[in-house]
Amino acid sequence: MVKRIEDTGKIWRPGRFQPEAAVRVGEQVFVLGQEEGENGHCLPGEEALLVDLHDLKNGRRRGLRFPYSLQPRQKATLFNGFTRTPHGDVGVIAADDPGVEIVVLEKEAYLEADASHLAPEEFFRLAGLERGGDQ
């Protein structure tokens, strides 16, 4: 069964200088790793959350695959947004946690793939992040 994004907002992790974009799928909160200048698109599948982070201006696209089997490794505080989630401290799964797969297209690879024009679903297929029951 395909899951869905229940809520979105920003979280604050200890030791970080600014809030970070995050989404909640079921009871899990995922920190997207979105950087300045990137537009994000999330696609929840059956086995994993797929995230497309696209910096069109600099010709860079990052695809992340967060398996739902991962467990939170750190705590964060819900900062803003998250209108359907009780505010407080939560366990989060972050883009830099072990088990999160990341594929980056930039420079020549970005141009060769014509990545600036790919729909997120096409990008996930090209990056090899879409597999199993993930759609």
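Colleague: What makes up the accessible surface of the protein, and what does it come to?

Modeller: The total is about 7,500 Å², and carbon and sulfur atoms hold 50% of it. Such areas come from the Shrake-Rupley method with a 1.4 Å probe, and for residues only the protein chains shown count as cover. This is a predicted model, in which local features need pLDDT of at least 70 and side-chain atom pairs count only at pLDDT 80 or more, while totals for chains, interfaces and linings use all residues. Residues are numbered from 1 along each chain as its sequence is written, and side-chain values use heavy atoms, with hydrogens and water left out.

Colleague: Why is Tyr110 called buried?

Modeller: Buried means under 20% relative accessible area, exposed means over 50%, and partly exposed lies in between (1.4 Å probe, protein chains only). Tyr110 has 5% relative accessibility, so it counts as buried. Across the protein, buried residues account for 44% of the 135 residues.

Colleague: Where is Tyr110 placed, and which residues does Tyr110 touch?

Modeller: Tyr110 belongs to helix 1 (residues 107-112). Helices (H or I, at least four residues) and strands (E, at least two) are DSSP runs, numbered from the N terminus. With residues up to four places away in sequence not counted, the contacts of Tyr110 include His54, Leu56, Arg61 and Leu105; contact means heavy atoms within 4.5 Å. Tyr110 and Arg61 are 49 residues apart in sequence, with their C-alpha atoms 7.4 Å apart in space.

Colleague: What share of contacts between residues at least 6 apart in sequence joins residues at least 24 apart?

Modeller: In the protein that share is 53%.

Colleague: What makes strand 3 and strand 8 a pair, and in which sense do they run?

Modeller: Two strands pair if DSSP finds at least two bridges between them. Strand 3 (residues 28-31) and strand 8 (residues 89-94) have three bridges, in the parallel sense. Phe30 stands opposite Ile93 of strand 8. Strand 7 (residues 74-81) is joined to strand 8 by four bridges, and these two run antiparallel; there, Gln74 has Val92 as its bridge partner.

Colleague: How many helices and strands does the protein have?

Modeller: The protein has two helices and nine strands, and their order from the N terminus is β-β-β-β-β-β-β-β-β-α-α.

Colleague: Why does the radius of gyration agree with that of a compact globule?

Modeller: The radius is taken over C-alpha atoms, and the globule rule is 2.2 Å times the number of residues to the power 0.38. For 135 residues a compact globule would have a value near 14 Å; the protein has 15 Å, and therefore the two agree. The C-alpha trace spans about 45 × 35 × 25 Å along its principal axes.
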